[in-house]
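Please look over the sequence and the structure before turning to the points below.

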Amino acid sequence: MTDSLDDRVPGHSPLRDTMINAGLAGISAVPLVGGVVAQFTSGLLAERQGARQHKFNVAVARVVEDVLTRVDGLTPEAVLDSDEFMAAYERASRAAAETSSAEKRTRLASAVRHAGPWSTIDESKRAQFLTLVARYDDLHFAMLNFFRDPRAWIKASTADWHEPAQWGASSLGALLEKYVFPSVAGWRQLVTPVLDELQNAGLLDNAPLNTMMTPSGPLQQRTKPLGVELLQFVEIDSTP
C-alpha cells in the first residue's frame, strides 16, 4: 500500500461546524438570550460528537489497514463493498457513540475487522461476538481476562510479586479483593451481576465469590473456550 487509510478518513473541522451553527443562530435570533445560547450549545455538542466520530473512524481505518496487510488480494474497495462490514461498522459506531469508555471504543473498532467474508470466524459466531462487544462493558472483559489465567494476571499486574511457596485455602472473592479491587468500595455489588451474566452466556464457569476452596481452586481457569474466543475476537492479550 502506498498510503495510509488514515488519509482517506475525511477530516473533522470544528471551525466549519462552529461557523455553520453561528450562522443558524444569527438567522433564527430572537430577543431572548436563551435561544442563542441553545443554538450555540447545540453547536458545541455537534462539534464534540463530530470529533469523537472522527477518532473512531480513524481507529476503524487502522484496523482495516491491518486486515489488508494480512489478507492477500483484499482491497479497501472490497471492504467497503461488503454489506456485512458496513452493517457491523454502523452498529459499532452507534455503540461507540454511546459509551464514555475509550477501551470499549477500541474493542468495537477491533471487532469490525472480522466483519466480512475474509474472516476465518464463522459468520453466525462473529455476529454473536459483535453483539456481545457492543453490550458488554470494561468490567465484563476484565473478568473474562482475569479468569482466563488468574495466576498470570496477578503476576503481570502486581509489582515485585513473588508467588508464595504455598497458597492457603481461599475464595475467589478474597483473591479479587486483594489483587483486582484492593481499594474499590462495593466492588462485589458491581462484579456479582457481571459474573452471572457471563456465566449465563456460556463464557464463564461457575465463579462463587464466597466459597472456600483448596489452595489451587481460585487460581484455576474459569473462562470457557467461548470466552477465550471472544477475547481473541477483540485481540485482548492474556495479561492486563
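The model is a predicted one. It contains eleven helices and zero strands, and of its 240 residues 39% count as buried.

**Overall make-up**

- Read from the N terminus, the order of elements is α-α-α-α-α-α-α-α-α-α-α.
- Among contacts in the protein with a separation of 6 or more, 74% are accounted for by residues 24 or more positions apart.

**The pair α5 and α6**

- Two packed helices are described by the angle between their axes and the distance between the axes.
- Helix α5 covers residues 102-112 and helix α6 covers residues 123-135; their axes come within 9 Å and cross at roughly 165 degrees.
- Angles over 145 degrees count as roughly antiparallel, and α5 and α6 are therefore roughly antiparallel to each other.
- The crossing in which α5 passes α6 is left-handed.
- On the α5 side the contact is made by Lys104, Arg107, Leu108 and Ala111, and on the α6 side by Leu130, Val133, Ala134 and Arg135.
- Sorted by class, this contact of α5 with α6 has five nonpolar residues, three charged residues and no polar ones.

- The loop between α5 and α6 holds serine 119.
- Buried means under 20% relative accessible area, so serine 119, at 14% relative accessibility, counts as buried.
- A polar atom of the serine 119 side chain lies 3.5 Å from the backbone oxygen of histidine 114.
- The side chain of serine 119 also reaches the backbone nitrogen of isoleucine 121, at 3.1 Å.
- Leaving aside residues up to four places away in sequence, serine 119 touches His114 and Arg126.

- Helix α7, residues 138-148, is mostly covered, with eight of its eleven residues buried.
- The buried residues of α7 are His140, Phe141, Met143, Leu144, Asn145, Phe146, Phe147 and Arg148.
- The cover over these buried residues includes α5 and α6, the helix pair described above.
- The cover of α7 also includes α8 (150-157), α9 (172-179), α10 (187-200) and α11 (225-233).

Terms used: Residues are numbered from 1 along each chain as its sequence is written. This is a predicted model: local features need pLDDT of at least 70, side-chain atom pairs count only at pLDDT 80 or more; totals for chains, interfaces and linings use all residues. Side-chain values use heavy atoms; hydrogens and water are left out. Axes are lines fitted to C-alpha atoms, for helices over the stretch in contact, and angles run from 0 to 180 degrees between N-to-C directions. Helices (H or I, at least four residues) and strands (E, at least two) are DSSP runs, numbered from the N terminus. Angles under 35 degrees count as roughly parallel, over 145 as roughly antiparallel, 65 to 115 as roughly perpendicular and the rest as oblique. A crossing is left-handed if the near helix is turned anticlockwise from the far one by less than a right angle, and right-handed if clockwise. Contact means heavy atoms within 4.5 Å. Ala, Val, Leu, Ile, Met, Phe, Trp, Tyr, Cys and Pro count as nonpolar, Asp, Glu, Lys and Arg as charged, and the others, Gly among them, as polar. Buried means under 20% relative accessible area, exposed over 50%, partly exposed in between (1.4 Å probe, protein chains only). A polar contact is a pair of N or O atoms within 3.5 Å; within protein, one must be able to donate a hydrogen and the other to accept it, and residues adjacent in sequence count only if both atoms are side-chain atoms.
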